[in-house]
Amino acid sequence: MSDPTMSDPTMSDPTKSNPTKSNRDLKSMQSIRVAALAMLLSMSAQTVAAEGSAVTLPLNDASQVRPRNVTVEVGRHGGSDALEVRLAGPYRGPDMDTFAFVPGLDFHDGTIEVDVAGSPLPTALAGARGFIGVAFRIDANGGGFPCEGFYIRPTNGRADDQVRRNHSTQYFSYPGYDFDRLRREAPGSYESYADLVPGEWTHLRIEVSGTVAKLYVGAAAQPVLIVQDLKRGADAHGTVGLFVDNGTNGHFRNLSVRPQ
């Protein structure tokens, strides 16, 4: 069977049959290509994936978050792709706005889950514990970045000192409510024990409702820490961040945020 384009010269060169139509077609194809390219460029590899109102991030791309007084790099830890987050700049004190946050996210109530691995850096001071966790309801639009947060102290989990064990997990609220103030004003109310190993992947789950937040560690069916009076109040909302503190070599993977 013969190829019709060989017998009819207008089939091989559409501009000879209808130049105006051909120009429109070419412009249309170019527009489609430009739109497709723009869409691809607007999405980083495996960026925010949403199902309904839920958001999941594999945390293997530094463009998925914005640094706030931290550095963020892509790396591997424990056989997994992860984001490496470390404190940047001079140390200003404990439990501050030191996190990498998800841009454009507005979280109020719901569930946050993430895998973390924290350990002290070789250059860390003796008091470093591998502080690592999650900041939530971060007001990233007002400029001051107030937030609530939970973090763990991995080196405390299996310490020989029972008092240190009792300080394995911690709630804080920035600004104004660091661990030191909360420990003085309400000893034992905002921290608790959890079995932790420095540098190993640990799953954290945080459930937030109004002024109540619960922290689950590992596969525990019960929360290890319950806070009944979130300091920013029941109406606070904002984004979610990957929190580290002084001297921490921090890694994060598999962030999930499911608004209620």
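View 1. The model is predicted: local features need pLDDT of at least 70, side-chain atom pairs count only at pLDDT 80 or more, and totals for chains, interfaces and linings use all residues. Numbering starts from 1 along each chain as its sequence is written, and side-chain values use heavy atoms, without hydrogens and water. A pocket is an open set of points on a 1 Å grid over the protein atoms alone, where a 1.4 Å probe fits, with protein on both sides within 12 Å along at least five of seven lines; lining residues have an atom within 4 Å of a point. Volume is the space filled by probe spheres set on the points, which are joined across faces, edges and corners.

**View 2. The second largest pocket has a volume of about 180 Å³.** Leu105, Ile138, Ala140, Asn141 and Gly238 are the closest to its centre among 13 lining residues. That lining holds 6 nonpolar, 5 polar and 2 charged residues.

**View 3. Strand β7 (residues 110-120) pairs with β12 and β16.** Strands are DSSP runs (E, at least two residues), numbered from the N terminus. Pairing takes at least two DSSP bridges. β7 and β12 (residues 202-209) run antiparallel over 7 bridges. Asp115 bridges to His203 in β12. With β16 (residues 248-259), β7 forms 10 bridges, also antiparallel. Gly110 partners Pro259 there.

**View 4. Strand β7 is largely enclosed by the rest of the structure, because 10 of its 11 residues are buried.** Buried means under 20% relative accessible area (1.4 Å probe, protein chains only).

Key: Buried means under 20% relative accessible area, exposed over 50%, partly exposed in between (1.4 Å probe, protein chains only). Helices (H or I, at least four residues) and strands (E, at least two) are DSSP runs, numbered from the N terminus. Ala, Val, Leu, Ile, Met, Phe, Trp, Tyr, Cys and Pro count as nonpolar, Asp, Glu, Lys and Arg as charged, and the others, Gly among them, as polar.
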